[in-house]
Amino acid sequence: MAERWVGRRLRRKEDRRLLTGAGTYVADLRLPGLLHAAVVRSEVAHGLVTHLDVAAAREADGVVAVLTAADLEGRVGRFPEGARTEISPALVEKVPLEVPSCPMPVLATDRVHWVGQPLAVVVAADRYRAEDGLELVEVDYEPLPAVLDPETALDPAAPVLHPELGGNLAARFAFSTGDVDAALAAAPFRLRQRFAMGRQAANAMETRGVVASWDPGREELTVWGTNARPHLLRAYLAAMLALPAERVRFIAPDMGGSFGTGVYSEDVLVPFLAMHLRRPVRWLEDRRENLTTTRHARDQVHDLEAGYDADGRILALRDRFLVDSGAYNPYAITVSYNAAAHLRGQYRIDAYAFEGRNVLTNKAPVAPVRGAGRPEAVFAMDGMVDLIAAERGLDAVEVRRRNLIPPEAMPYPMGMPYRDGVDVVYDQADFPGQLASALELFGYDTQRARQAAWRAEGRRMGIGVSSYVEGSGYGPHEGAVVRVDPTGHVLVVTGAKPHGQGLETTLAQVCADQLGVHPDQVTVRAGDTALIAYGIGTFASRSAVTAGTAVGLAAQAVRDKILNLAAGLLEVDPADLELADGRVSARGAPGTGVTLAEVAAACAPGPRSRLPEGAEPGLEAQRYFVPPTVTFASGTHVVAVEVDEDTGFVRLLRYVTVDDCGQMLNPTVVEGQVHGGVAHGIGNGLLEEVVYDDGGQLLTGSYMDYLVPTTAEVPPIQVGHQTFLSDRNPFGIKGVGEGGAVSPPAAIASAVADALAPLQVDLSELPLHPERLFRRIQEAKARQRGSGGLKPGPPVERGST
Amino acid sequence: MARREIELRVNGRSLRGSAEPRTTLADFLRDELGLTGTHLGCEHGVCGACTILLDGRSVRSCLLFALQAQGSELRTVEGLADPDGPLHPIQEAFSEHHGLQCGFCTPGFLMSVCELLADDPDPGEQEIRAYLSGNLCRCTGYQNIVAAVQAAAGKLREAGAGGPGGSRVAPRGTGGPGG
Ligand code: FES
Ligand code: FES
């Protein structure tokens, strides 16, 4: 029997090169004659550009060119609005949507909309000189009033960012399932509460970068960049630079994380410069630029209203929410609809209505980032559950349990479509079982005892729980080519592009199982549009699900071809053959038969071919997996915290997760994804916030101001698993890349609420960095002193019974 | 701007190059010497990705000028293992314990860990965490890095117990003259 590799804790194939400094990230590429670009960016949040003078910069030592929007006129198009124009027609049929067109320019023309918006680009012999050139570009602005708050931005009196839109609404949609008005009216109790999560930056450790080279003879463009969606980028470049797609090659080399998607001005600008100057050009983002403008996310405000019964069972839920999209809305409803689709998570709430709006403000445009709308929604939902428990005097964990969808109800229809237009029906899962196993792993009773003991000493310890589901493995497709080369080595190509997830290893494991080879005998290539015709990329926890399945299917096809051919060569029935150790041999007779290399040779075209008449030469197959819809992965997080009342500092004492991602390809890799996601979520919950002042100036442009979690803040995370195979792909895989980041803000907020329960602190706004939490504690204390007793603090509105 | 000659030793080899006075040590290593294993995550001294050893102590190569390294002995990630040989025990432990994902922060961590284990062959978890709190990683959540460091310390102690003392953690080339 061939060894089974899927499910094993195989060490990663990519490790050696990354550990020895032999990886190749964009900044490591060297091309002869390389020029270096630096970008002139708006210094005001909103204004008219009255004067843009690049003459002095053009004369500077080492500067080769300086380009402004005028130089792009007629040569570089605006960004296509793929996310807007390609909204699933099936979704549009079910959910009324309004998404006005508002395409982004590559370089701002007469008007700027956020601090950091690209205005001009300087190209020079090296980066130092390019940055010298920046200093010499003169820009004068006539400032316009900036709007930074999404609610204010919707006020008819607010300054309008894009006059052609007539307002700042960038998208709106609404939907309801069940009779929400009636259920709310009939509910014995009602609560309303606002929950807000601040703006956050994806903050991959590698900043973005682009290198482009134009071959004027062949009229071919090659672009290397930090982007996990190579084919999308190629499509954008072809459209914006008016080139045939197959004469644009986009290659994403090693990537230092990503944690979100996005096509940015430099992605187009640098290739255009390479064409225009007929020299290779490179642009490397610095961290300030990254924090200013790359992959901002979150920034949502949810106004929830819930109706519930005396036991804390939620009978109806309404959510009206705003997503602060920043100055443009390139992702249309991606994040906002995700928030709506995931709000109820694991809870059974059959009467549910939502209205989501994306709003334009003078901040950097937001992008989908790890979790993409889910952390905000889950924080609001679990926050509501906590309030309901507090109102009813019930245990918050018990209220969660009472509201979970029971396993016998699975697969559960949620009464609304997913973003792909297909109705949401949860995969097989056991949510109460997941909660129970998370509590057990956490040592819930022991921790509660510890909490009681600490409380007696005056220490504020709290325990928080949060759960989520994640629609993972978003389509519409992903493909793979599997090919056995003449030496018997296997090549796998896919359109998904790993940026740290270990896909070279996990996809090799999938392929190795089908072909009976060791994963070391499989090379995985990804991130190059020249290698496969179609590709979608890595985001939405989709690569294991979609690329993993495509690789499995393509490898199965190759396996069939091998067995049939070998059966002919050996003159036996294919059913009597097995594949193991790189050979095809008769069952029970390992070491006999033919090697993969021999079978590959028999597949080569030409007179020596042993292929049956009419068969395609080559031992290879290409398969595209088109998932019917997303798979629903899930997880439950339990955290214990200690809050220092005098400083507002939250220390994480213990963190436990139990996830269900279906078939794990490599548990070590899965756990690594969970660890990283949780750390990211801890940042969201406690530290990370992009802050603008009232005039729209960014205050968090360095790592001194934008705080990323370190070894000091992230505790050990204990990870447990449940495995319910998905029935939406043949291998039962569900995604796991983002899930870890979804629940930490909610779980931590819940734990802080528990720690500070007697004070009734308002925890409706995240992150809970020490300054904010300190203020909230002070406010709660002042309220208590004022009212002379323990009256609830948060501004909740109560309905009558 | 006039370029100045720089002579220094990197990973046991004597090297010469030239740089403008304002060129950072990191850019010099990457662009002039072609040692691109040292990464730049922030260029303002916080993320630790650019950490290398200068005369045995960890430094942030984005915060030094190349000229400041004149005559120094540098160690970078490229110097930890022979290109064709086995990994250094610290690298080995990072791989075994899945202490890296995208690998971008990894060279900085490895070099910090070299210094840590040279100073303290048997650090506790809290010590490791405190020591590495100046290196940012967005992918791993750190715990596998901490586990890798503990494992590496064990491997190095074992190797050191039998062998000649002094260079347990020392990367390739520190041993003798000529390098
Ligand atoms: S690049 Fe030097 S510390 Fe970040
Ligand atoms: S492994 Fe990606 S930043 Fe550390």
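This is a predicted model: local features need pLDDT of at least 70, side-chain atom pairs count only at pLDDT 80 or more; totals for chains, interfaces and linings use all residues.
A salt bridge is a side-chain nitrogen of Lys or Arg within 4 Å of a carboxyl oxygen of Asp or Glu. By that rule, a search of this whole structure, over all chains, turns up 74 salt bridges.

**Where the chains meet**
- Chain A brings 54 residues to the contact, and chain B brings 51 residues.
- About 4,300 Å² is buried between chain A and chain B, with carbon and sulfur atoms giving 51% of that area.
- The interface holds 34 residue pairs in polar contact, both at pLDDT 80 or more.
- On the side of chain A that touches chain B, helix 20 gives the most, with eight residues.
- That side of chain A divides into 21 nonpolar, 18 polar and 15 charged residues.

**Salt bridges between the chains**
- Eight salt bridges cross the interface of chain A and chain B.
- One of them links B:Glu92 with A:Arg11, whose closest N and O atoms are 2.8 Å apart.
- B:Asp31 and A:Arg30 also form a salt bridge, at 2.8 Å from N to O.
- B:Asp31 lies in helix 1 of chain B and A:Arg30 in the loop between helix 1 and strand 1 of chain A, so this pair joins two chains.

**Salt bridges within chain A**
- A:Arg776 and A:Glu779 pair up at 3.3 Å, and both lie in helix 23, about one turn of the helix apart.
- A:Arg776 is buried, whereas A:Glu779 is partly exposed.
- A network of salt bridges links A:Arg41, A:Arg208, A:Glu266, A:Asp267, A:Glu285 and A:Glu289.

Conventions
Residues are numbered from 1 along each chain as its sequence is written. Chains are lettered from A and ligands numbered from 1 in the order in which they are written. Side-chain values use heavy atoms; hydrogens and water are left out. Contact means heavy atoms within 4.5 Å. Buried area is the accessible area (1.4 Å probe) that two parts lose on being put together, summed over both. A polar contact is a pair of N or O atoms within 3.5 Å; within protein, one must be able to donate a hydrogen and the other to accept it, and residues adjacent in sequence count only if both atoms are side-chain atoms. Helices (H or I, at least four residues) and strands (E, at least two) are DSSP runs, numbered from the N terminus. Ala, Val, Leu, Ile, Met, Phe, Trp, Tyr, Cys and Pro count as nonpolar, Asp, Glu, Lys and Arg as charged, and the others, Gly among them, as polar. Buried means under 20% relative accessible area, exposed over 50%, partly exposed in between (1.4 Å probe, protein chains only).
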